[in-house]
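This report covers an annotated region, the pockets and the aromatic contacts of one protein model. The sequence and structure come next.

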Amino acid sequence: MSLSNLDLIASVDGFPYPHVNPSLHAATLSTYYTLRVASHPYPLGYMLPSVAAVFLNTPYWSLDDESRTLTLTEGTDAAERSAAVATTLEALRKTGHFKVLDKWRNELYPVYGQGKELLFSVERSASPLFGVVTYGVHLTAYVRDASGGLKIWIPRRARTKQTYGGMLDNAVAGGIASGEAAFESLVRECGEEASLGEELVRKRVKTVGCITYFYVRDERAGGETGLMQPEVEYVYDLELPEDVVPKPGDDEVEEFYLWTVEEVKEHLARGEFKPNCAAVMIDFFIRHGMITPENEKDFIEIVARLHRRFEFPTL
């Protein structure tokens, strides 16, 4: 069955909206626990009850079943809180209880407070356990033909990858580590994933905004299903000269294709793109006037859902 653009957005933005269906949102929310920091009494993420229960009687944490909250009680600053979180996660990793920790990255993701201050950092693979907002960069690389038409560089993820193996991706994509600026993350990822030189990227890349969505992880993400993953993706465009060809810079990408807009749309409709990469492509088509109110009946809803407002603090 052919997927619509709204179907593709719904696959990556799957958590109910409080203003669209308050009763459904409330009912769904009542099945989760909220993550908090003792000195900052507001939600930072949503957690499955099966995950929160593991923290019962665990040092540095307080679990309250009545209020359905898990609170990090240790630490008065970001460094102390981060150390407490790291100690807990290292212990959990050794037990092998959470499959998602099998993909341990030794890379830290930031968790921010309402004042945009860093509250703590968390191991990347563990961030979905807590349901905290994470940040990434996505780049669409394309070329123009003699008539001004676009062709887009599309990579295929290695089929051996534990997450979304064999699916189609954006030209460059990656997470932003704690303490790393978005643009510097992009420059690094361009070299690692597409063998694009730093000088070319810094000279030609355009910052074009961001998208936000609330993903509920399925089996393709690896590890436990149903984990919450609200994300902010900073989006970039890069028009490449015809003689510059992206090449896999690591073992995460099998090959790159250079496809017309129609070819990309066909593969989107078949559900072949990684969910958040499909959302980035739809955003690209909207910004470049290829998806418009005239040719897309769900235009307003799609645009709104590409820029979701979270219930949690963001940077």
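## Annotated region

How much helix and strand does the chain have over residues 134–281, and how far apart are the end C-alpha atoms? Over this stretch the chain is 24% helix and 36% strand. The end C-alpha atoms are 20 Å apart. Helices (H or I, at least four residues) and strands (E, at least two) are DSSP runs, numbered from the N terminus. An unreviewed UniProt entry annotates residues 134–281 as "domain: Nudix hydrolase"; such annotations may be inferred rather than shown by experiment.

The model is predicted: local features need pLDDT of at least 70, side-chain atom pairs count only at pLDDT 80 or more, and totals for chains, interfaces and linings use all residues. Residues are numbered from 1 along each chain as its sequence is written, and side-chain values use heavy atoms, without hydrogens and water.

## Largest pocket

The largest pocket holds about 950 Å³ of space. A pocket is an open set of points on a 1 Å grid over the protein atoms alone, where a 1.4 Å probe fits, with protein on both sides within 12 Å along at least five of seven lines; lining residues have an atom within 4 Å of a point. Its volume is the space filled by probe spheres set on the points.

This pocket is lined by 45 residues, and Arg-105, Arg-124, Arg-157, Thr-163 and Lys-274 are the closest to its centre. Elements giving two or more residues to the lining include strand E7 (134–144), helix H6 (182–194) and helix H9 (275–287). By class, the lining has 14 nonpolar, 13 polar and 18 charged residues. Asp, Glu, Lys and Arg count as charged; Ala, Val, Leu, Ile, Met, Phe, Trp, Tyr, Cys and Pro as nonpolar; the others, Gly among them, as polar.

## Second largest pocket

The second largest pocket has a volume of about 230 Å³. Among its 13 lining residues, Tyr-17, His-19, Val-20, Glu-301 and Arg-305 are the closest to the centre. Helix H10 (residues 299–305) gives the most to this lining, with 4 residues. The lining divides into 7 nonpolar, 3 polar and 3 charged residues.

Tyr-17 also has a charge over its ring: Arg-308 lies over the face, 3.8 Å from the ring centre. The criterion is NZ of Lys or CZ of Arg within 6 Å of the ring centre and within 35 degrees of the ring normal. Lys-265 lies over the face of Phe-285, at 5.5 Å.

## Aromatic pairs

The whole structure has 15 aromatic pairs. Rings of Phe, Tyr and Trp (its six-membered ring) pair if their centres lie within 6.5 Å; planes under 30 degrees apart are stacked, over 60 edge-to-face, the rest tilted. Phe-55 and Trp-61 pair edge-to-face, at 5.0 Å centre to centre and 65 degrees between the planes. Phe-15, Tyr-32, Tyr-46, Phe-214, Phe-310 and Phe-312 form one aromatic cluster.
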